[in-house]
Amino acid sequence: MSHHGPGRREASAATCVVVLVLALTSCGGSTSPPVASGPAQPCASLPAADPGASLPAGFPVLPDQVLYGPASQGATSIVFGRVAGGDVVALRDQLAERLETAGYAIDGTDQEAVEAEAHFSRPREGSVKVQQLCDGVLSVRYRLSG
């Protein structure tokens, strides 16, 4: 009869916990489209335009942008857009500038390695988040409250 010491049992239990946590965090719903987290992957297919996806009157729009994926969470509406590009920070800055020109107050911006956001208020509160969708295509999530 072989005897495995407590160290092996603890390592096995720790491995099970790690696998369980990874499995649980990889599941679940999300309102975000799949986004490349490393080097941009080739575009296999792109989200199609959705006639139900729109931005409020007077809200700045990007040229050649395709809107899709409208959703709502209470009084908050979410719309996704896709546009050609590869620099999340440059597009975020362009959107922030267009928002200011349209009369919105920019409350702050932030960025991480894979996304860039701008938060705004007046006349309406919300945010824009730019991420790489695939090689040469950026995704913009518009979140508007009220």
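Start by selecting residues 76-84, strand β2, together with residues 137-145, strand β6: in this predicted model, the two run antiparallel and are joined by 9 bridges. To see one of the pairings, pick Val79, which stands opposite Tyr142 in β6.

Stay on β6 for a moment. Of its 9 residues, 7 are buried, so color the strand and notice that β6 is mostly covered.

Strands β5 and β6 pair in the antiparallel sense, over 8 bridges. Tyr142 is a handy landmark here too, as Val128 stands opposite Tyr142. Now follow the chain from β5 into β6: they form a hairpin with 2 residues between them. Click on Gly136 in that turn, which has a positive phi of about 85°.

How many residues of β5 are buried? The count is 9 of 9, so β5 is largely enclosed by the rest of the structure.

Your next selection is residues 115-121, strand β4. This strand runs antiparallel to β5, with 6 bridges joining them. Another hairpin is found here, with 4 residues between β4 and β5. In its turn, look for Arg122, where phi is positive at about 45°.

Finish at Glu117, which lies in β4. Its bridge partner in β5 is Lys129. Is Glu117 buried or exposed? Glu117 counts as buried because its relative accessibility is 13%, below the 20% cut-off. Show its surroundings and you will find contacts including Arg92, Asp110, Ser127 and Arg141. Val128, the residue opposite Tyr142, also touches Glu117.

Terms used: Residues numbered from 1 in each chain as written. Predicted model: local features only at pLDDT ≥ 70, side-chain atom pairs only at ≥ 80, totals over all residues. Heavy atoms only, no water. Buried < 20%, exposed > 50% of the residue type's maximum accessible area, 1.4 Å probe, protein only. Pairing = 2+ DSSP bridges. Contact = heavy atoms within 4.5 Å. Lists of a residue's contacts leave out its neighbours within four places in sequence.
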